[in-house]
Amino acid sequence: MSGAAARGDRLVGTWLLVICFMIFGMVVGGGHARTIGAGFVIQTWQPFTGIVPPLTHAAWERAFGLYKATAQYQAMQPKMTLAQFQSLYLPMFLDRDWGRLMAVVFLVPLAIFRLRGRISNRLTAWLLFLFGLGAGEATMGWYMTYEGMTSRILQPSPLYLGPHFVLAMLIFTAMLWTALTLRNPEPAILPGLARLRGLLSVSIGLIIATIGLGALVAASGALKVYNTFPLMDGHALPPHALAMHPLWLNFLANKATVQFEHRVAATVTAIVVVVAAAMGLRAPVGAKARDLFLLLAGLVSLQYILGMSTLVSGMAELGYVHELNAVLLLAACIACRHALRGATAAVPLPVYEMKAAE
């Protein structure tokens, strides 16, 4: 979206950075709600009026009664108390209210900037498109809850949660790129670094894909099936990895296969990102970009260590930290790629050759 943001406006860019921070906040809240098993506890959909939680004992009992009708409660939580229900309800409720606040923080400044002529028609259309994707993201989240109310499903489906998280990361990527472009509209010309720029683009795609596979692991409970590393209980490829029919279903719903996919994708992604970070640290990219590449190297190393530790320990809470760091890693990779927007394939002549040419 660099064309739509070509004029640049640091204030508008800073506002969009706030939105990016709020998207990260949604990952924090949503990941926490999923980790504690709160995905199905709110069984109402009131996007405009449901901004206040139950305030009376009777209201809490009504909300609890709706949850008691779900298959999850009947199969997994039949002895839950009202106090336990409240401890699950409030984190999920705060996550929803954070989403409502994010919509306000997006739409109100957008209208003000538009009225004051600080954003173009093209940028307005682009931002409204991203907002529409965000609305679709919220609807997808609600549908996962709706499934818990109308079917015998015990957990939010990984077939929805995976795409739900990937869409969030695509919105985050587009929003962060637009914010950085508005704050720094003129890219620095960096001769000879086109290959590194391409490698960073590949890295961003790999990180998002690996995040999506990680969401499948978390949502399906695949974390618990193999807790050894690097082999899976002595196997490079887990037994029964292709046992489900039809064949394609294994890659989405077979816990062993899903964990295997995430392991392989994470390893490939880590190697590619480490190579990109090393190339960036060796390249003449300037002090600010060098710091970004150093951050990228640190975050990808931490991410792989967190992933191994999560697998070996089987701790969902550590996996939650792993999930949050993945978003920070993605942000660092986007920032590095943005810093190389002006990279070209041409290599500058050495000084002595330039003098000879003169």
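This is a predicted model: local features need pLDDT of at least 70, side-chain atom pairs count only at pLDDT 80 or more; totals for chains, interfaces and linings use all residues.
Entry 1: I began with the second largest pocket, which holds about 430 Å³ of space. Residues are numbered from 1 along each chain as its sequence is written, and side-chain values use heavy atoms, with hydrogens and water left out.

My pocket is an open set of points on a 1 Å grid over the protein atoms alone, where a 1.4 Å probe fits, with protein on both sides within 12 Å along at least five of seven lines; lining residues have an atom within 4 Å of a point. Points are joined across faces, edges and corners, and the volume is the space filled by probe spheres set on them.

Helices α10 (287–313) and α11 (316–339) each give at least two lining residues, and α10 has the largest share, 4 residues.

**Entry 2: the whole protein.** I counted 12 helices and 2 strands; these are DSSP runs numbered from the N terminus, helices being H or I of at least four residues and strands E of at least two. The C-alpha atoms fill a box of roughly 85 × 60 × 35 Å along the principal axes. Of the 358 residues, 45% are buried, meaning under 20% relative accessible area (1.4 Å probe, protein chains only).

**Entry 3: helix α5.** Next I looked up α5 (residues 121–150), whose 30 residues reach 42 Å from first C-alpha to last, close to the expected 44 Å. That expected span is 1.5 Å times one less than the number of residues. Its buried residues include L123, W142 and M144. Among the elements covering the buried residues of α5 are α1 (10–35) and α6 (158–183).

**Entry 4: cysteines.** How many disulfides are there? I got 0, taking a disulfide as a pair of cysteine sulfur atoms within 2.5 Å. C333 is in none, and its nearest cysteine sulfur, that of C336, is 6.4 Å away. That is too far for a bond. C333 counts as buried because its relative accessibility is 0%, and C336 is buried at 0% too.

Key
Buried means under 20% relative accessible area, exposed over 50%, partly exposed in between (1.4 Å probe, protein chains only). Contact means heavy atoms within 4.5 Å.
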